[in-house]
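Here's a set of questions and answers to go through with the model open beside you.

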Amino acid sequence: MKKIQIADGIHMLTMNVEDILFEGIWEIANGVTLNSYIVQGEKTAIIDGVIGWDGVPETLYKNMEEIGVAPGSIDYLIVNHMEPDHSGWISNFRKIRDDFTIICTDKAAKMVSSFYGEDKIRVVKEGDTLDLGKGKVLSFHPVPNVHWPDTMYTHEKDTKTLFSCDMFGSFGRMGEHCFDDELTPEEKDFFEFEGIRYYSNVMATFTSSVKKAIEKAKSLEIKTIAPGHGPVYRRNPGKIMDDYSRFARYAEGAGKNEVAILWGSMYGMTAKAVEYAEGILQREGIKYNKLEMPLESESEMVAAVLKSAGVIIAAPTYEYKLFPPVAAALNELGRKRITGKAAFRFGSYGWSGGAEKELYEIMERNKMNWDLIESVEFEGAPGAEDLKKVEAGVLELIKKMRERVVL
Ligand code: FEO
């Protein structure tokens, strides 16, 4: 766990967590940080206290002591949201001090009580404040459904710091550099992608709430954004707000000038057409990512599709329906409410077709509203005429992408 002073009277305690499935689902290849913040006035508050995934809060207590904060001196636990990555240590803390107060929204209070049996809770609403003394005044600003319903921002008036909880967060382990102004160009690229991955895995379903939360952040005076995961933004907090606006647009059909090839092949027939389509993309200078299902991780797949302005769906018919791993991926994208993408499908069939029908059922059921170019289906291996049609489809996709590109 690292300890860093981020402003006068405010410390961040941060640790990298690896080899876990985030939310029990997402394979995060590059880890994630868990950030906790301590604000000291005459009274002391901890915001989003974190523990390791091993569930040992002693690491947190030890690190508090190392920055001169006795765990027993904590008066307030600010629970910006109740998800256990931020709150799993609360019951244990009760053994150290019994008279602290938990501060959270009404929705979080219900869960703090049902998850941990806690009842010493002060419920806060929009604009409520907590004066810690020595000029440190916290105010609370609910931002429901990003991603849990109970989420709120905490804002510190003196230093103009926004503790944004999961908003403006990112996956990715942090090295020595924890602030935006310290990141090297490579680290910036790393957190750009890990931010997109985090957004696609955790936030995309809630894009409409995210947009409202961005507006709320803009209404507050902010010098520093201190999220629950990822770097702290002190040189240019507006940048991560703009990035989140861009990610929200990606979820609604925009994207980088890239194609995600979401594909699967039973015996290599559809794969031949994928190879051909790759040649067209290379010729046209379009970057692409290949996502072979079911081998690709869901985390990577959802992220790559979210950030791409165009999607190629390459999948055969299997038992009268769409090749199941690709169908499952599309259903996941639908559940994540990734809408409005320009897409083109092709694929092989043997006994009969059927993939196409299921593709449209998935789009319809999930209200995905993807702009689908007419599919190309071929019996067995793709012939010369089929490949010509694939080429025409890819070129049509590139054309449709142009109006959607947001860098
Ligand atoms: Fe940081 Fe909602 O988990």
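A pocket here is an open set of grid points with protein on both sides within 12 Å along at least five of seven lines. One more thing before we start: this is a predicted model.

Q: Which element gives the largest share of the lining of the largest pocket?
A: The largest share amounts to 5 residues, and it comes from helix 5.

Q: How many charged residues are in the lining of the largest pocket?
A: Sort the lining by class and you get 5 nonpolar and 3 polar residues. Asp, Glu, Lys and Arg are the ones that count as charged. In this lining, the charged residues number 8.

Q: Which residues lie nearest the centre of the second largest pocket?
A: This pocket holds about 260 Å³ of space, and 15 residues line it. Nearest the centre you'll find Met266, Tyr267, Thr317, Tyr349 and Gly350.

Q: How many charged residues are in the lining of the second largest pocket?
A: Here the lining divides into 7 nonpolar and 7 polar residues. What's left for the charged class is 1.

Q: Is Ser348 buried or exposed?
A: Ser348 sits in strand 20. Anything under 20% relative accessible area counts as buried. Ser348 comes in at 6%, so it is buried.

Q: Which residue's backbone oxygen does the side chain of Ser348 reach?
A: Leaving out residues up to four places away in sequence, Ser348 touches Met269, Thr270, Ala315, Pro316, Thr317, Phe378 and Gly380. The side chain of Ser348 reaches a backbone oxygen at 2.8 Å, and that oxygen belongs to Gly380.

Q: What is the volume of the largest cavity?
A: Unlike a pocket, a cavity is a set of points where a 1.4 Å probe fits but cannot get out. The structure holds 1 cavity of 30 Å³ or more. The volume of the largest cavity is about 40 Å³.

Q: Which elements each supply at least two residues of the lining of the largest cavity?
A: Ile46, Asp48, Gly49, Leu77, Ile78, Val79, His86, Ser87, Trp89 and Ile90 form the lining. By class, that's 6 nonpolar, 3 polar and 1 charged. The elements supplying at least two residues each are strand 7 (76–78) and helix 2 (84–87).

Q: Is Arg97 buried or exposed?
A: Look in the loop between helix 3 (90–93) and strand 8 (101–104) to find Arg97. Its relative accessible area is 17%, and the cut-off is under 20%, so Arg97 is buried.

Q: Which side chain makes a polar contact with the side chain of Arg97?
A: Not counting residues up to four places away in sequence, Arg97 touches Gly72, Ser73, Ile74 and Asp75. A polar atom of the Arg97 side chain lies 3.0 Å from the backbone oxygen of Ile74. The side-chain to side-chain polar contact, at 3.0 Å, is with Asp75.

Q: How far apart in space are Phe179 and Arg345?
A: Phe179 is in the loop between strand 13 (161–165) and helix 5, where it touches Ile4, Gln5, Ile6, Val232 and Arg234, not counting residues up to four places away in sequence. Phe179 and Arg345 are 166 residues apart in sequence. C-alpha to C-alpha, their separation in space is 42 Å.

Q: What is the radius of gyration of the protein chain?
A: The chain's C-alpha atoms fill a box of roughly 75 × 40 × 35 Å along the principal axes. A compact globule of 407 residues would have a radius of gyration near 22 Å. The chain agrees with that, at 24 Å.

Technical notes. Residues are numbered from 1 along each chain as its sequence is written. This is a predicted model: local features need pLDDT of at least 70, side-chain atom pairs count only at pLDDT 80 or more; totals for chains, interfaces and linings use all residues. Side-chain values use heavy atoms; hydrogens and water are left out. On a 1 Å grid over the protein atoms alone, a cavity is a set of points where a 1.4 Å probe fits but cannot get out, and a pocket is an open set with protein on both sides within 12 Å along at least five of seven lines; lining residues have an atom within 4 Å of a point. Grid points are joined across faces, edges and corners, and a volume is the space filled by probe spheres set on the points. Helices (H or I, at least four residues) and strands (E, at least two) are DSSP runs, numbered from the N terminus. Buried means under 20% relative accessible area, exposed over 50%, partly exposed in between (1.4 Å probe, protein chains only). A polar contact is a pair of N or O atoms within 3.5 Å; within protein, one must be able to donate a hydrogen and the other to accept it, and residues adjacent in sequence count only if both atoms are side-chain atoms. Contact means heavy atoms within 4.5 Å. The radius of gyration is taken over C-alpha atoms; the globule rule is 2.2 Å times the number of residues to the power 0.38.
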